[in-house]
Every structure is written in C-alpha cells, then in structure tokens.
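The sequence and the structure come first.

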Amino acid sequence: MVFDFHLHTSASDGDLDPAALVACAAAHGVRSLAITDHDTLLAYRWRDGAVFDAARRLGVELTVGVEMDVALDGREVHLLGLGLSLDAPALGDHLEASRQARHRRARADLALVRERLGEAALREEDVFRPERESLMRPHLIRPLLARGYFTSYEEGRDWFHENAPADFRVPKPDIADAIGMVHAAGGEAVLAHPGYYWKDGYPILDRLAPLRALGLDGVELDYPYASSSPELFGDGDEERFTAALRAGGDALGLRFTRGSDAHRPADFDRVYGRVDMSGA
C-alpha cells in the first residue's frame, strides 16, 4: 500500500481543494493519506466534511492531520500531528490564534507591496480567497512572480524577509508544548522534513533522542528534498541524509510508521513516505 501523510490543500499553500487532492492522490495509487495543511484543519470541515465522502467513495483511508509551526532551540521547525480529533480544545485555540495572526500579517504584507511596488502589483483577491484559511507568504510571492516583479521565488522570499515588518508574528509554541497539544488531541507527533534543519547546519540528528524523550512519536523519513529545494539539495544530499537518519533510527528507538506499527526498515519508503504527484 502507498501512504502519504504530508499533503497540502488550497486551505493553506496547496493548489487543489480537499476533495480534488484526495482524487489526485488516489489516481496515483495512494490508499492512505493525511492532509496536513499549515496550522489549519479546515480541509476536514470544508463543505460540511466533503473530503471524508470523497475518501470513502475512492477507497482511501483518510487520517486527520496538521502541520504546525513550532519552536526548537529558538528556530522554527515543523511538526506533523496525525490521527487528531477535530474538537480538541487546546489545539483548536492555538490554530485559531495562528489563523488570526496570519491574516493580520497578510494585510500588512499586502499594504507593504502596494507601497513599495505599486497599487497594481497585488490585488486583495490574489491573497484573500474563499476557503483559504491559513494565509502564507507564498500567496503573495506567487502572483508577484507571475507578474514579473521577481525573477525567482527565492528572490521574492528574500524581498519579504528584508522589507516586511516584524510586528506580525505567527504563534510558534515550544515543541514540547506542541507535542502535548497533539497528544491531547489523540494524535501522534512527527517531526517534518528534518533534512532542512540538517542542511541549515542544525544538529538535528543529535536532537532526536531528546525529542523522543519529550514524546516525539516519529520522524518523516521520505521527503523529496532534491525536487522541492534543488537550490539546497544537490546530487546525493538527500541520499546521504536519509542514510544517516536510518542508521540512527534503531539506536534512538524512533518509529517511522504510524499507529502501533513496529519500526520496520524494509518498509520505510512505503509505510511512511510520499509519492510524486507533480505530473498530475
């Protein structure tokens, strides 16, 4: 069976609505998936839970998930929560605070763009779209890139880092608190794409054992670093990091599967992995 527990919809920075995403995944052979939008569970409430109907119709097992911005040693990392209750109060309060903060930041960013690049550079409807709950910088950068204001996404990202005010910050709980929220919601906490932190020079492999002691349930092993971030991951980088992560897995006692499955090296790529849907 092909699994994918790291997928985004138009509720955050994905391109497809929740039902369309499930259909796309099913067409590529995925039979079990989690939608893990950034700081929102809207995909599961979208159109009165239509995504669950789509999953049942297509024979896809759907796990409720989210990807949270959290703080680890003063830096931002991402934590996947899998198998969550939609009604967990602490997690719900945090996601609502994040939604409000993201909207305030998007308003400030839109005003900044119009001031620096001109009123016609970016329209309100480019950013604030129906059924888009978690507003993110890509929602501003992509239309500006399409209109020729930047020559690359990286240039746009750097422009915002240099020019945007720091007054509007998205809440980032400490990773221990975030793990606690996920567990209180009945889910499992999984560290997302650790290779990015390794590439930044952060000793993430050394931090996995302490994180396990804090309650971390797993680590995302299979992530398409080279195709998603070719400017960071050259030939062999992804393979080297994955090999190092696998080598430490047994010693650290980390599980790379979900639920009650045991740590099974032979099944890594299929049990907790991703598929390439770029051709869809």
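Which residues in helix 6 (residues 138-146) are buried? They are Pro138, His139, Leu140, Ile141, Pro143 and Leu144, where buried means under 20% relative accessible area, with a 1.4 Å probe and protein chains only. Helices are DSSP runs of H or I with at least four residues, strands are runs of E with at least two, and both are numbered from the N terminus. The model is predicted, and local features need pLDDT of at least 70, side-chain atom pairs count only at pLDDT 80 or more, while totals for chains, interfaces and linings use all residues. Residues are numbered from 1 along each chain as its sequence is written, and side-chain values use heavy atoms, with hydrogens and water left out.

The buried residues of helix 6 pack against helix 4 (89-117), helix 5 (124-127) and helix 7 (153-163), a contact being heavy atoms within 4.5 Å. Just after helix 6, glycine 148 takes a positive phi of about 85°.

## Packing of helix 6 on helix 7

Helix 6 and helix 7 pack at an angle of about 125°, with their axes 9 Å apart; axes are lines fitted to C-alpha atoms, for helices over the stretch in contact, and angles run from 0 to 180 degrees between N-to-C directions. That angle makes helix 6 oblique to helix 7, a class left for angles that are not under 35 degrees (roughly parallel), over 145 (roughly antiparallel) or 65 to 115 (roughly perpendicular).

On the side of helix 6, the contact involves Pro138, Leu140, Ile141, Arg142, Leu144 and Leu145, which meet Tyr153, Gly156, Arg157 and Phe160 in helix 7. These residues divide into seven nonpolar, one polar and two charged, with Ala, Val, Leu, Ile, Met, Phe, Trp, Tyr, Cys and Pro counted as nonpolar, Asp, Glu, Lys and Arg as charged, and the others, Gly among them, as polar.

Six strands form an open sheet of mixed pairing in the order 1-2-3-4-5-6, two strands being paired if DSSP finds at least two bridges between them. Strand 1 (2-7) and strand 6 (218-219) stand at the edges with a single partner strand each, so one side of each is left without a neighbour in the sheet.

Strand 1 pairs with strand 2 (residues 30-35) in the parallel sense over four bridges, and leucine 33 in strand 2 is the bridge partner of aspartate 4. Helix 1 (residues 18-27) packs on the sheet, touching strand 1 and strand 2, and its direction makes about 150° with that of strand 2.

How values were computed
Buried means under 20% relative accessible area, exposed over 50%, partly exposed in between (1.4 Å probe, protein chains only).
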